[in-house]
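These are my notebook entries on one protein chain. I set down what I looked up, entry by entry.

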Amino acid sequence: MSYDAIVLAGGAARRLGGADKPALSVGGRALLDRVLDACPDARTTVVVGDRRATARPVHWTREDPPGGGPVAALDAGLRRTTAELVLVLSADLPFLDRETVRALLAAPSAPAAPGRDAAPGWDGAPGRDGAPGRDGAMLRDPDGRDQPLVAAYRAEPLRREIALLAAEHGTLTGLPLRALTAELDLARVTSRPLASFDCDTWDDLAAARARIREHGSVLEQWITAVKSELGIDLTVDTKALLDLARDAAHGVARPAAPLTTFLVGYAAAHAAATGADPAQAVAEASRKAADLALRWADEAAADSAEQNGSG
């Protein structure tokens, strides 16, 4: 499915005291990088915000004037895209996953299953501009709230409605997203429990960091983070690898060591296959994984110290 992605990363983060929210880390990785990892196959990825280091290349732009709000930012990003389908995401979604992204991209052109709320009222008829399907789809969180910044939109109706808003108000600055989405025919995709979780406050960030280290999910989160850090896409049979390593390590932290070693070896082998020096490939992959592990541990220690101090 061909699509472009727009990530809005230029908000003021007032509830975070003006912190650089996209750069804040969860599980040792910046929030922005986590969002970018959910849409790696976008034909073009545009980030609306100030330039910063990212795990993969993106195009940068900014609304004029900066701080003009989400509609103005969305318009700026849309001007840099050409695909008929556009994925729109905020930069503060630590648990957004590729499965949710795929569901959003598929929803505008797919009929709703009987009795489902994913696309209410869809009857297979053409959209408002004669194209098949609806104008887009947005995520609906477990509490029933729509999330217009976790959504997929067809570009033509999105451009049309933005142009109408600009003509009506004389500017897009300060306009709320609901002024835009209210005029679009949008399906709803029900969110998985954490896919729509965003980090608007320090408490949200602490909750995300705690969730990512929960016993039931810490290994899955860790392996996903390591694969992203090393730039590999590999299905890991975690159980089989842990069975091999069960005599060497136990517990939440220890199993991460042999799994990480395996990923380092795979990344090094991949680099060597493309002509890189094997020794240098191992050293570089090991450094990246070690740095990630240190950030992971430092984050946990800092949160623990803060909790102990506040208690």
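I looked up how helix α7 (residues 218–230) lies against helix α9 (residues 256–273), and found that their axes come within 10 Å and cross at roughly 25 degrees. Because angles under 35 degrees count as roughly parallel, α7 is roughly parallel to α9. I noted that axes are lines fitted to C-alpha atoms, for helices over the stretch in contact, with angles from 0 to 180 degrees between N-to-C directions. Helices are DSSP runs (H or I, at least four residues), as are strands (E, at least two), numbered from the N terminus.

I then recorded the handedness: α7 passes α9 in a right-handed crossing, the near helix being turned clockwise from the far one by less than a right angle.

Which residues make the contact? From α7 I listed Leu219, Trp222, Ile223, Val226, Lys227 and Leu230, and from α9 Ala256, Leu259, Thr260, Leu263, Val264 and Ala267. Contact means heavy atoms within 4.5 Å.

I checked the source of the model: it is predicted, local features need pLDDT of at least 70, side-chain atom pairs count only at pLDDT 80 or more, and totals for chains, interfaces and linings use all residues. Residues are numbered from 1 along each chain as its sequence is written, and side-chain values use heavy atoms, without hydrogens and water.

Of its 311 residues, 46% count as buried (under 20% relative accessible area, 1.4 Å probe, protein chains only).

Lastly, I looked up Pro65, which sits in the loop between β5 (59–61) and α2 (70–78). The peptide bond from Asp64 to Pro65 is cis, with omega near 5 degrees.

How values were computed: Angles under 35 degrees count as roughly parallel, over 145 as roughly antiparallel, 65 to 115 as roughly perpendicular and the rest as oblique. Buried means under 20% relative accessible area, exposed over 50%, partly exposed in between (1.4 Å probe, protein chains only).
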